[in-house]
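Hi,

Here is the structure I promised to pass on.

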Amino acid sequence: MADRSFLTWPFFEDRHRALAEALDAWCAAHLPVDHHDVDAACRALVRMLGEGGWLEHSGAATGEALDVRSLCLIRETLSRHDALADFAFAMQGLGMGAVTLFGDAEQQKWLKRTRAGEAISAFALTEPGSGSDVARSTATARREGDHFILSGEKTYISNGGIADLYVVFARTGEAPGAKGLSAFLLPADTPGLEIVERIEVIAPHPLARLRFNDIRLPASALIGTAGSGFRIAMSVLDVFRPTVGAAALGMARRALDEALARVKSRQLFGAPLHELQMVQGHIADMALEVDAAALLIYRAAWTKDQGAPRITREAAMAKLYATEAAQRVIDAALQLHGGDGVRQGMAVEGLYREIRALRIYEGASDVQKVVIARATLDG
């Protein structure tokens, strides 16, 4: 049983504690799902999460506010039970983040479907030649009267190939670099959208490279204003980066639980494994990493929920520390399992593969260090 004592921390209200307990019970009854067909599994998970009411937390219409603490608690809980369930939930929020924060009333009609689990969303920002350097994006959206002509490519797009709609960032040219980007809502059935490649990774998720073949979009597809795309993208990531840390935290908690069960049940040299001081040292390090990560995550989430306009520094710290710490915790848990730790199908083996991508997506760890350093120097 994962430690739940952190729910007594002052970051949370009673509604957060009730949410965490209810979701944990739901997860125990419904997860994990069969991952053999990843596309089918993700579609099923989105439907299940919608039917369970959990996707109501993934987006908010005008006048409502995203509760970042709830987002973090949900991602932590889901990832502890099934990393693919966390992925399915997270992409409904990240994919529609721009619409939640900046969309007009017509665009936000999509939220009813994504929050119900009836439509799958995706966030199309990364390009083959520009990952973390968003300002170098080369996909273009050229204005022609009442339409935009969208051209270019995006890659490593989560839910690519199964999404019903994409939020796409493209260069509209109002100014050089970051100030010349805009965001667009692109339904998946729009003529000219091509799924060029499905990308296989060490922990299978639906990922794809997309190509936009002179797609004709109505002007109403523009989210916010022309040239505000970079600000929109960074505002979305501000909210969702702490939740990446929360997903990593859930995996770390699961790894610690698996390690505790192992060392309490395993005999070595005629005594329980947990009586060895070296093993106790590992357990202490793991417990410390988990709590330190949780404090950074829920500080960032609480700060945003208190009305802070931006939490760039806090979000970067939470994402960086939690993902790196989770990698260390999971590695230690695998080590404590010995040979069984690398056996396919073991929980720690799956966690070892799942955690690696979290140190890369939504801003790689080295990029988070740059963000933190700049914010600290400017402070």
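Below is what turned up, topic by topic.

A word on the ground rules: this is a predicted model, where local features need pLDDT of at least 70, side-chain atom pairs count only at pLDDT 80 or more, and totals for chains, interfaces and linings use all residues. Residues are numbered from 1 along each chain as its sequence is written, and side-chain values use heavy atoms, with hydrogens and water left out.

Aromatics first. Searching the whole structure gives eight aromatic pairs (ring centres of Phe, Tyr or Trp, the last by its six-membered ring, within 6.5 Å; planes under 30 degrees apart are stacked, over 60 edge-to-face, the rest tilted). One of them joins Phe 6 and Trp 9: the ring centres are 6.1 Å apart and the planes sit at 75°, so this pair is edge-to-face. Trp 9 also pairs with Phe 11, with centres 6.4 Å apart and planes at 70°, so that pair is edge-to-face as well. Phe 6 has 1% relative accessibility and counts as buried (buried is under 20% relative accessible area, exposed over 50%, partly exposed in between, with a 1.4 Å probe and protein chains only). Trp 9, at 17%, is buried too, and so is Phe 11. Phe 6, Trp 9 and Phe 11 belong to one aromatic cluster together with Phe 12 and Tyr 298.

Next, the cysteines. Cys 42 is buried, at 1% relative accessibility. Cys 72 is buried, with a relative accessible area of 0%.

There are some backbone details to look at as well. The peptide bond from Leu 31 to Pro 32 is cis, with omega near -5°. Pro 32 sits in the loop between α1 (14–30) and α2 (38–51); helices (H or I, at least four residues) and strands (E, at least two) are DSSP runs, numbered from the N terminus. Tyr 156 is not a glycine, yet has a positive phi of about 50°. Tyr 156 is part of strand β3 (residues 147–158) and is exposed at 52% relative accessibility. Asp 214, also not a glycine, has a positive phi of about 50°. Asp 214 lies in strand β7 (residues 207–218) and is exposed at 53%.

Which residues of helix α10 (residues 347–356) are buried? They are Val 348, Glu 349, Gly 350, Leu 351, Glu 354 and Ile 355. These buried residues pack against α4 (83–95), α7 (229–265) and α9 (312–336), with contact meaning heavy atoms within 4.5 Å.

Last, the surface. Leu 268, Phe 269 and Leu 276 make a nonpolar patch of about 320 Å². Patches are made of residues with over 30% relative accessible area and no salt bridge, with nonpolar side chains (Val, Leu, Ile, Met, Phe, Trp, Tyr) joined within 5 Å and like charges within 9 Å. A salt bridge is a side-chain nitrogen of Lys or Arg within 4 Å of a carboxyl oxygen of Asp or Glu, and accessible areas come from the Shrake-Rupley method with a 1.4 Å probe, where for residues only the protein chains shown count as cover. Leu 268 is in strand β9 (residues 267–268) and is partly exposed, at 35%.

Cheers
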